[in-house]
Amino acid sequence: MNGAALLQHDGLVNHDGKDKAAPIATLSADEFPGASPVAADSLALLFRQQQRFINYFFNNLDFEPIEKFCQACLDCTGVVIFTGVGKSGLIAQKICQTLVSTGTKAMFLSPQDALHGDIGILSSSDLLVCFSKSGATEEIIRLVPYARAKGARLVAVASVKGSELEAVCDMAVHLPLERELCPFDLAPVTSTAIQMVFGDTVAIALMQAKHLTRDQYAMNHPAGRIGKRLILRVTDVMVGSSKMPVVPPTTLMPQVLVELTSKGCGCVLVADAELRLFGIFTDGDLRRTLQQCGEQGRDVMALRVEEVMSKDPKTCSSCEMAVDAMQMMEVGPKVHMLPVVDDGKLQGLITLHSLVSAGL
């Protein structure tokens, strides 16, 4: 081509069957005048083009079929099963993961594997959602009659209206596509983006329709930081009574130092026999005490812990969320540990180290 742009040459209609108002120009790799295709200005142009193509999707979306699809998902008593080939298959797998994590039973079924035995997972209570940009993917078309024989309800999700897949399914959702960002209109880079937007938005709509709570969401993410922040309580990560460093108020410094060193928590808790908390003595308190005694000529080892402890320390309860305890450490004078007190009785100790180790 001798112009500054590589024009779309696929007839006079868009992917969705609508007449083109005008050819869409996209720059080819060797036609960026005086600039590299990865220069800032060139990239800005490319991103604006992608934005335009994605806006076409939003501006032409028909929400009635999507409403029917969402209701079918809610009414499904089995599993919402997605299938697709190539890039559409990868997007379908990702959408399945989003659905499962937000409270909808879903799974991915490879059409190739389905035709070689895996279709046995499909039942009459399931919804089979077929992702195909063209609506003419051979592997999916071949799968349809066998899926129908299993009694499953079929949904076509495609960007070509009146496609073969749409004709053989029970319902269809059309994802409007003006063209791909690819200068040849071949690489599926815009069609996959709108598939992802569609699937993930539907997942959130179903999540809201099911009234999924934060706690329920967290239960689906127990190993991740999200789940830990929403699930773990102080009692799950605190140092319990058998391992917490605790001494009576009248304890002399030599014994305090032994407890401070042996338990390795960076502090000792000062409490009586009934575990009523009087204060805390930390590594920082030890350094300040040594400095003051040195300046005053006093014998550190003759001191009782009640003379040098920090009185009225911040505390938390065992039933509080661990992440709230972590935030409490950051509010006001920062501390690295909190005594855990329930109903006036010392239960344990939670440290910043233990919270970080737990993945918070």
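Close-up 1. With a relative accessibility of 7%, A158 counts as buried (under 20% relative accessible area; over 50% would be exposed and anything in between partly exposed, with a 1.4 Å probe and protein chains only). This is a predicted model, in which local features need pLDDT of at least 70 and side-chain atom pairs count only at pLDDT 80 or more, while totals for chains, interfaces and linings use all residues. Residues are numbered from 1 along each chain as its sequence is written, and side-chain values use heavy atoms, with hydrogens and water left out. A158 lies in strand β6; helices (H or I, at least four residues) and strands (E, at least two) are DSSP runs, numbered from the N terminus. Leaving aside neighbours within four places in sequence, A158 is in contact with S132, K133, G135, S163, V173, H174 and L175, where contact means heavy atoms within 4.5 Å. Look for Q195 as well: A158 and Q195 are 37 residues apart in sequence, yet their C-alpha atoms are 8.8 Å apart in space.

**Close-up 2. The open sheet that holds β6.** Five strands line up here in the order β4-β3-β5-β6-β7, with parallel pairing. Two strands pair if DSSP finds at least two bridges between them. At the edges sit β4 (106-108) and β7 (171-174), each pairing on one side only. On average, neighbouring strands of this sheet are turned by 20° against each other, direction ignored. Strand β6 (residues 153-158) is joined to β7 by four bridges in the parallel sense, and A156 stands opposite A172 in β7. Helix α3 (residues 86-101) lies across β3 (80-84), β4 and β5 (127-131), running at about 155° to β4. For such angles, axes are lines fitted to C-alpha atoms, for helices over the stretch in contact, and the scale runs from 0 to 180 degrees between N-to-C directions.

**Close-up 3. Two cysteines without a bond.** The sulfur of C130 has its closest cysteine sulfur in C169, 4.6 Å away, which is too far for a bond. A disulfide is counted when a pair of cysteine sulfur atoms lies within 2.5 Å, and by this rule the count comes to zero disulfides. Both residues are tucked away: C130 is buried at 1% relative accessibility, and C169 is buried with a relative accessible area of 10%.

**Close-up 4. Strand β9 and its partners.** Five of the five residues in β9 (residues 267-271) are buried, so the strand is mostly covered. C267, L269 and A271 point one way from β9, while V268 and V270 point the other way. Strand β8 (residues 246-247) pairs with β9 in the parallel sense over two bridges, and V247 stands opposite V270. From β8 the chain crosses through helix α11 (residues 253-263) to β9, and this β-α-β crossover is right-handed (with the strands pointing away from the viewer, the path from the first strand over the helix to the second runs clockwise). Strand β10 (residues 277-282) runs antiparallel to β9, with five bridges joining them, and V270 stands opposite G279. The hairpin of β9 and β10 has five residues between the strands, and L275 takes a positive phi near 60° there.

**Close-up 5. The hairpin of β12 and β13.** Strand β12 (residues 337-342) pairs with β13 in the antiparallel sense over six bridges, and D342 stands opposite K345 in β13. Two residues lie between the strands of this hairpin, where D343 takes a positive phi near 55°. Strand β13 (residues 345-351) is largely enclosed by the rest of the structure because five of its seven residues are buried.
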